[in-house]
Amino acid sequence: MEMQTLFNENFELPTSNSTTTHITTSQSTKDTSSSTLNLSQLPVEVLEVVLSCLTDPISQRRLSQVCRLWRETVARLRWLRLMSFERRLHLRLPLAGSLHELHGNQGFSLLLCVDSPVLLAGTAVFLPYRENLQFDVSGEVQLVRHGTPHVGPVGEKIISSSFHVTREKAMQWQEDCDGKTYACLQGPWLSNRSGQGGTLGGACKGLHPMPVMFNNVMELEPGIKYLLTLKMAEEKGGVVVSDQIGTVWGFQGVPRRKKGPDQNHFRWFQVYRPGLSSSVTSGQFPIIYYIA
């Protein structure tokens, strides 16, 4: 009746059978659409049952962006452990090739792409090693969409994370953990090729990559190359002392490690941009944190 009243108020309707039939059809359409239940009108209990069937973390994240109610429902289901996701890490560089490398560049980078959607949570970086740590360290990790290996334009920066570590905190981070830390790497490879200690030794040498996590996870899409970049600087009293830092140098190992079944998401590509050291088989980014 509301539709018919609206037409009568704004238009002069001729009194013919065809017009009457048209109005009746419109009213019927209105009744049908009003009886359709919108997903946003589902009771919370029913919505929880529907969303709890999703085991894919990519779908969980996408649905949590629909509206506030769905975001709160996904968070509640995770809190109740009725919807789960698995945090994973990819150990790219399991060894330390050297305890101190200074290549004269202002940063490190690599290109990466994925074979299936992945939620990138962060990465880990090597700090200057113990006796080489003279000042505070600050830096930034950033991710750029549509990265290119050579000189030229790149896409937009989609996420970044800055960090600042005092010398005291960095020294504490590299203290002996007695092998209790999962990310306690071995090395250096170059000075211990004979197998006496080093990479084959069980003692902790303080080779603990420092996690740098993003404020929120970022979905990586297949078919797109992303440029991951790290820049660090030494500071004293808030003043930059040097933007070229010697750090622990990660190493993939010889022979090349075989990929595990849970580490086939990523592919890596070299970068040849001025001022950046490519870190595919050696260098930085020893660990990648993700959800898949």
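R92 lies over the face of W268, 4.6 Å from the ring centre. A charge counts as sitting over a ring if NZ of Lys or CZ of Arg is within 6 Å of the ring centre and within 35 degrees of the ring normal. A second case involves K225, whose charged end sits over the ring of F269 at 4.2 Å from its centre. The model is predicted, so local features need pLDDT of at least 70 and side-chain atom pairs count only at pLDDT 80 or more, while totals for chains, interfaces and linings use all residues. Residues are numbered from 1 along each chain as its sequence is written, and side-chain values use heavy atoms, with hydrogens and water left out.

The structure holds 3 aromatic pairs. Rings of Phe, Tyr and Trp (its six-membered ring) pair if their centres lie within 6.5 Å; planes under 30 degrees apart are stacked, over 60 edge-to-face, and the rest tilted. The rings of F108 and W249 have centres 5.7 Å apart and planes at 55°, so this pair is tilted. The pair links distant parts of the chain, with F108 in strand β3 (residues 107–114) and W249 in strand β10 (residues 247–251), 141 residues apart. Helices (H or I, at least four residues) and strands (E, at least two) are DSSP runs, numbered from the N terminus. Both F108 and W249 are buried. Buried means under 20% relative accessible area, exposed over 50%, and partly exposed in between (1.4 Å probe, protein chains only). For F266 and W268, the ring centres are 5.3 Å apart and the planes lie at 15°, so the pair is stacked. F266 and W268 are buried as well. Together with Y290, F266 and W268 form one aromatic cluster.

The largest nonpolar core has 35 residues. A nonpolar core is a set of buried Ala, Val, Leu, Ile, Met, Phe, Trp, Tyr and Cys residues joined through side-chain atoms within 4.5 Å. L143, F163, L220 and F266 have the most contacts inside this core. The elements giving two or more residues to it are β3, β4 (118–125), β5, β6, β7 (210–220), β8, β11 (266–269) and β14 (287–291). β7 gives the most, with 5 residues. Leaving aside neighbours within four places in sequence, F163 is in contact with V125, V137, S138, G139, E140, V141, M210, V212, L230 and M232. Contact means heavy atoms within 4.5 Å.

Strand β5 (residues 136–145) is mostly covered, with 7 of its 10 residues buried. It runs antiparallel to strand β8 (residues 226–236), and 10 bridges join the two. Strands pair if DSSP finds at least two bridges between them. G139 has M232 as its bridge partner in β8. β5 also runs antiparallel to strand β6 (residues 157–165), to which 8 bridges join it. Here, V141 has S161 as its bridge partner in β6. T229 lies in β8. At 7% relative accessibility, T229 counts as buried. Not counting residues up to four places away in sequence, T229 touches F108, S109, E140, V141, Q142, L276 and F285.

An open sheet of 3 strands has the order β2-β10-β13, with antiparallel pairing. β2 (95–101) and β13 are the edge strands, each pairing on one side only. The pairing of β10 with β13 is antiparallel over 2 bridges. F251 has S282 as its bridge partner in β13.

Two residues stand out by backbone geometry. Most residues other than glycine have a negative phi. R130, although not a glycine, has a positive phi of about 25°. R130 is found in the loop between β4 and β5. With 24% relative accessibility, R130 counts as partly exposed. F285 is likewise not a glycine and has a positive phi of about 60°. F285 sits in the loop between β13 (282–283) and β14. F285 is buried, with a relative accessible area of 0%.

In helix α4 (residues 57–64), the residues P57, I58, Q60, R61 and S64 are buried. Seen down the axis of α4, the buried residues fall within an arc of 160°, so they line one face of the helix. The arc is that of the directions from the helix axis to the C-beta atoms.
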